[in-house]
Amino acid sequence: MGGCRGPHETCRVRRDLLLRAMEEELPPGTIRYSSKIVSIQEDVGSGAKLIHLADGSVLRAKVLIGCDGVNSVVATWLGLAKPSYSGRLATRGLAHYPGGGHGFQPEFVQFIGQGFRFGFVPCDETDVYWFYTWRPSQNDDEGINESAAKMKQYVLNSLRSSKVPAEAQEVVERSEVSDASAARLRFRSPLSLLFASISKGNVCVAGDALHLMTPDLGQGGCSALEDGVVLARCLGEAVLGAEAGTEMGRIESALRKYARLRRWRSIRLVGAAYMVGFVQQSDNAIVSFLREKVLAGVLARSLLKMADYDCGTL
């Protein structure tokens, strides 16, 4: 694929494998699991943050970076707007083809039906990732409380009634039952990010805690990695650099710089994801006509343009 910075390709990476690879680069014991934040206090004397956890323990942090997802306690502490519900649900899964042989080209395939959108893309020779998004009716209880087995059957029934090809249905059939769970698609209003306090003193947010978006661009995890690169660069310059001032002052300045660099990128990503999802899944006759006749190429270019981004190096 040719981008504005030269030819490159897209690839699919399983998140569990990516997290495992990054964890292995850290010293043992660096990550503390099952550590839900309850509240945040400030040590007036030092400026450090005291992080109270659900198990009763307290952590003392010179820098607090909130990567705590959709229901971020750190984002709430900073005063960011609560996430909004998009009116859509999504379920996802991973189909397994032991020994290979799924026969799909390394291409993204998508089907748009009455009130739903289904797509899949091969990860490698043995695994195929798929998703299914839909607007729930008032009678189906939104599907949130359905078991994984019922959710999987719901998706298959929908695909069969819409005459989606058998090989596409097989992708869902081959998924583990535990893969098929439903979730509300939420996003943080891009307008709220215009003047939001992305950083305050020695505290900031990143990932979904900052730019929660619907998955229509496939850039959620990618943008979190961008955050990490920019944040590491800014903090590295502050801690290791020879700038004047106290260390805490340099850290706070570094987080303000990070917030400035990531604000507009975050706004564009969240806004573009919402609009792509709205247009692709709208049942409005006019929007559907424009989508099929005019906007298909525009949407495809939007997807590629958002991915074609260079956040710099460490």
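The exercises below concern salt bridges in a predicted model.

**Exercise 1.** State how many salt bridges a search of the whole structure finds.

Solution. The search finds 14 salt bridges.

**Exercise 2.** Determine which residue pairs with Lys62 in a salt bridge, and where the two partners lie.

Solution. Step 1: the partner is Glu247, with the closest N and O atoms 3.0 Å apart. That value meets the criterion of a side-chain nitrogen within 4 Å of a carboxyl oxygen. Step 2: Lys62 sits in the loop between strand 5 (58-61) and strand 6 (64-66), and Glu247 belongs to helix 7 (residues 247-281). The pair is 185 residues apart and links distant parts of the chain.

**Exercise 3.** Classify Lys62 and Glu247 as buried, partly exposed or exposed.

Solution. Step 1: partly exposed lies between the limits of under 20% for buried and over 50% for exposed. Step 2: Lys62 has 45% relative accessibility, so Lys62 is partly exposed. Step 3: Glu247 has 31%, so Glu247 is partly exposed.

**Exercise 4.** Describe the salt bridge between Arg88 and Asp216.

Solution. Step 1: the closest N and O atoms are 2.6 Å apart. Step 2: Arg88 is in strand 7 (residues 84-96), while Asp216 is in the loop between helix 5 (208-211) and helix 6 (220-240), 128 residues apart. Step 3: both residues are buried.

Conventions:
Residues numbered from 1 in each chain as written. Predicted model: local features only at pLDDT ≥ 70, side-chain atom pairs only at ≥ 80, totals over all residues. Heavy atoms only, no water. Helix = DSSP H or I, 4+ residues; strand = E, 2+ residues; numbered from the N terminus. Buried < 20%, exposed > 50% of the residue type's maximum accessible area, 1.4 Å probe, protein only.
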